[in-house]
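Please take a moment with the sequence and the model before reading on.

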Amino acid sequence: MKIVFLQSKNLSEVLNESLKTLRKGRLVIFPSDTVYGLLVDATNELAVKKLIEFKNRPWGKPVSVFVSDFGMLDRQVITDQKQTQILKELL
């Protein structure tokens, strides 16, 4: 385990280290203003399994996935027309 503390002067280092960790299929714990995010590469099945095991989450229970745009959303999940419309209205 490696701990890197985020400061204004080391943002690039933290981002690069996080990306290297995610690409290796490992877990990154990242603080926000209210909660800690548990991050993995959602396209890596083994990484997602690690996340579910780490959280002691029941299999089949959904997890949140961050996407950069609707193109990425379409590559990750299947949504019907109504779901897509709702997402576009909310986002």
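A salt bridge is counted where a side-chain nitrogen of Lys or Arg lies within 4 Å of a carboxyl oxygen of Asp or Glu. In this model, which is predicted, there are 3 salt bridges, and Lys2, Glu17 and Lys20 are linked by such bridges into a network.

Lys2 itself has a relative accessibility of 56%, and because exposed means over 50%, Lys2 counts as exposed. Glu17 also meets the side chain of Lys20 in a salt bridge, with 3.6 Å from N to O; here the two residues are 3 apart in helix α1, so about one helical turn separates them. Lys20 is partly exposed, its relative accessible area being 46%.

Glu45 counts as exposed at 57% relative accessibility, while Lys49, at 33%, counts as partly exposed.

Helix α2 comprises residues 45-55, and its buried residues are Ala47, Leu51 and Ile52. Viewed down the axis of α2, these buried residues fall within an arc of 140 degrees, and therefore they line one face of the helix. What covers them includes β2 (36-39), whereas on the other side of α2 the residues Glu45, Leu46 and Glu53 are exposed. At the start of the helix, a side-chain oxygen of Asn44 comes to within 3.0 Å of the backbone nitrogen of Leu46. After α2 comes Asn56, whose phi is positive, near 55 degrees.

What kind of patch do Met1, Ile3 and Phe5 form on the surface? The patch is nonpolar, and together the three residues have about 490 Å² of accessible area. Ile3 has a relative accessible area of 57%, which means that it is exposed, the cut-off being over 50%.

Methods
Residues are numbered from 1 along each chain as its sequence is written. This is a predicted model: local features need pLDDT of at least 70, side-chain atom pairs count only at pLDDT 80 or more; totals for chains, interfaces and linings use all residues. Side-chain values use heavy atoms; hydrogens and water are left out. Patches are made of residues with over 30% relative accessible area and no salt bridge: like charges are joined within 9 Å, nonpolar side chains (Val, Leu, Ile, Met, Phe, Trp, Tyr) within 5 Å. Accessible areas come from the Shrake-Rupley method with a 1.4 Å probe; for residues, only the protein chains shown count as cover. Buried means under 20% relative accessible area, exposed over 50%, partly exposed in between (1.4 Å probe, protein chains only). Helices (H or I, at least four residues) and strands (E, at least two) are DSSP runs, numbered from the N terminus. The arc is that of the directions from the helix axis to the C-beta atoms. Contact means heavy atoms within 4.5 Å. A polar contact is a pair of N or O atoms within 3.5 Å; within protein, one must be able to donate a hydrogen and the other to accept it, and residues adjacent in sequence count only if both atoms are side-chain atoms.
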